Amino acid sequence: MLDLQPGQKVLDVGCGIGGGNFYMAEKYDVHVVGIDLSINMISFALERAIGLKCAVEFEVADCTKKTYPDCTFDVIYSRDTILHIQDKPALFRSFYKWLRPGGKVLISDYCKRAGPASKEFEGYIKQRGYDLHDVEAYGQMLRDAGFHEVVAEDRTEQFIEVLQKELDTVEKERESFIHEFSEQDYNEIVGGWKAKLIRSSSGEQRWGLFIAKKK
């Protein structure tokens, strides 16, 4: 999808503990910058980076306030993070400026179905503080920011399949998980995933994949 080439520079927005960063840097010999709001996540990522020879760097930063010089990155990547951003058009305009000509964005994110949401789902969105859009509207925001060759795909079925596999794995490892963490952590994670499966299977919660290019 991204056709990563050695020496390119990648920005990972919402990098978490850096799993994707290490993978891209080691497999494709690219320089990856990971930013995240979580101090704990970034601390863990920095610990993982000790002794590795791949080009990765991490920073605690808010993508809506962080600035980079124009034409800094070849790729901007974000997985299931931008749902937290209220002003997506402004962020996408920043992405466009930060990319070099020919650069790409690859985003996966939570979405909602077109049309009015149920009262229950609206309550969930509000409680979480999410800003969700349908897949087509999300893609249009990228076009409005100046991007070309925008691909906006509903990948909800794939999301459900992956989530079910992860849930099955955690449930099989219940005892070891509780031993390492706690029963409360286990119940919260499993309960959250099951609720997510219900919302996705009902069609209310969607999962979108977006690819776009700067001319």
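Leaving aside neighbours within four places in sequence, which residues is Phe147 in contact with? In this predicted model, the partners of Phe147 are Phe92, Phe95, Tyr96, Leu99, Val105, Leu142, Ala212, Lys213 and Lys214.

## Nonpolar core

Phe147 also belongs to the largest nonpolar core, which has 28 residues. Phe147 is among those with the most contacts inside this core, along with Leu11, Ile76, Phe92, Phe95 and Leu142. Strands S1 (9-13), S2 (31-36), S4 (73-79), S5 (99-112) and S7 (205-213) each supply at least two core residues.

## Largest pocket

The largest pocket holds about 1,600 Å³ of space. Its lining has 41 residues. Arg79, Asp80, Tyr110, Trp193 and Lys196 lie nearest the centre. Helix H8 (183-201) gives the most to this lining, with seven residues. Other elements that each supply at least two include helix H1 (19-28), helix H6 (156-172) and S7.

By class, the lining has 19 nonpolar, 12 polar and 10 charged residues. Domain 1 (9-156 + 204-214) and domain 2 (158-200) each contribute at least three residues.

## Second largest pocket

About 230 Å³ of space lies in the second largest pocket. H1 gives the most to its lining, with four residues. The lining residues include Met1, Leu2, Tyr23, Tyr77 and Leu106. By class, eight are nonpolar, one is polar and one is charged.

## Gly123

Gly123 lies in helix H4 (residues 119-128). Gly123 counts as partly exposed because its relative accessible area is 35%, between the 20% and 50% cut-offs. Gly123 and Pro6 are 117 residues apart in sequence and 45 Å apart in space, C-alpha to C-alpha.

Definitions and conventions: Residues numbered from 1 in each chain as written. Predicted model: local features only at pLDDT ≥ 70, side-chain atom pairs only at ≥ 80, totals over all residues. Heavy atoms only, no water. Buried < 20%, exposed > 50% of the residue type's maximum accessible area, 1.4 Å probe, protein only. Core = buried A, V, L, I, M, F, W, Y, C linked by side-chain atoms within 4.5 Å. Contact = heavy atoms within 4.5 Å. 1 Å grid on protein atoms, 1.4 Å probe; cavity = no way out; pocket = protein on both sides within 12 Å on 5 of 7 lines; lining within 4 Å. Points joined across faces, edges and corners; volume = space filled by probe spheres on them. Nonpolar A, V, L, I, M, F, W, Y, C, P; charged D, E, K, R; others polar. Domains from an automatic or database assignment.
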